[in-house]
Amino acid sequence: MTIVDSARHVVGGVDTHRDVNVAAVVDMNGGVLAVESFPTTAAGHRGVLSWMSGFGCVERVGIEGTGAYGAGVARHFAAVGVVVIEVDRPDRQKRRQRGKSDQLDAVEAARGALSGRCEGRSKSGDAHAEALRALLVAKRSARSTRIRTIVQLRHLIFTAPDELRARLGTLSATQLVNEAAKLRPRPGGDVAAHGVKTAAVILARRVQGLDDELAVLDEQLEPIVKAAAPELLNIYGVGVDTAAVLLVTAGDNADRITSEAKWAMLCGIAPIPATSGLIDKRFRLNNAGDRHANNAIWRIVITRLGQHEPRSVAYMNRRLAEGKSKRYIIRCLKRYVAREVFRVLPR
């Protein structure tokens, strides 16, 4: 019979996959205690926690892919009060030296959470932000499909018979969809014209169906955004879609982002130090972070400048007089906007 020291603290790591999660447990010195595999089911998630607890008190667990295959096991650990750390994939140098396996990845996930190399808290995915994320996935898909379908319809009319091209070729996108949906192909006449009209009707009605989907999604997005962070919509340049993107990036657990600097880094807005040798106080552009949030904050800045918001225009003119480029000034404005957004995020 094995006697477990309940006072001993351990750290777990999980390398996640679609069907199997590989878990590892290390002690507080990073020594490997055990590695085991579990199915990606509710029973498997309970098994991971029970198995890790058999080695001592689980202080934290590092999980790779908490926003994908690891979402279920991450929610299970968070529900019982275990700190869940989002772990990046192991660095390439270690993989070249030691090879690649699920067991090694699980151990590296545990050691990453233990050492502090990985410190980002995972999203809880159990409230408003998760609902917004799901709705935005559907909206992006519908919007991109709508654009592609309109382009296909437009090109179909470019090569249509002269009569149909003369009738629909000069219309705007909205007019083209409405008129194409009214076409009534009748067999027995020109075979080519019948085929083009049939295809045009199908594409136009597909666009109309996507418009209905987008309307339903918009109706659901706005009340969720207002319930999660009503003050966010009061910021100049922030609409429902932009607010939804920012809330998804922040996540449902308010303790995940503890400072304005961390929020800026998460959005890829904080500059990265690039000092070396005789080159002092140099920074480079941050290409990391959540690119959706980065783009959302960029849209806020462009909206303010385009609508001549006094503070933004005054800042732009002042920095231009100092010899700064517009790109540099926009990056600075993005940093200021990130600070405004952080102040009204849910707490």
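At 12% relative accessibility, Leu 135 counts as buried, where buried means under 20% relative accessible area, exposed over 50% and partly exposed in between, with a 1.4 Å probe and protein chains only. This is a predicted model, in which local features need pLDDT of at least 70 and side-chain atom pairs count only at pLDDT 80 or more, while totals for chains, interfaces and linings use all residues. Residues are numbered from 1 along each chain as its sequence is written, and side-chain values use heavy atoms, leaving out hydrogens and water.

**Exercise 1.** Determine the place of Leu 135 and which residues Leu 135 touches.

*Solution.* 
- Step 1: Leu 135 lies in helix α5, residues 128-158; helices are DSSP runs of H or I with at least four residues, strands are E runs of at least two, and both are numbered from the N terminus.
- Step 2: Not counting residues up to four places away in sequence, Leu 135 touches Leu 217, Gln 220, Leu 221 and Ile 224, a contact being heavy atoms within 4.5 Å.
- Step 3: Leu 221 is 86 residues from Leu 135 along the chain, yet their C-alpha atoms are separated by 7.2 Å.

**Exercise 2.** Describe the secondary structure of the protein and how spread out the protein is.

*Solution.* 
- Step 1: The protein has 13 helices and seven strands.
- Step 2: Its radius of gyration is 27 Å, well over the 20 Å from the globule rule for 347 residues, so the protein is more spread out than a compact globule. The radius is taken over C-alpha atoms, and the rule is 2.2 Å times the number of residues to the power 0.38.
- Step 3: Along the principal axes, the C-alpha atoms fill a box of roughly 85 × 60 × 45 Å.
- Step 4: Of the 347 residues, 40% are buried.
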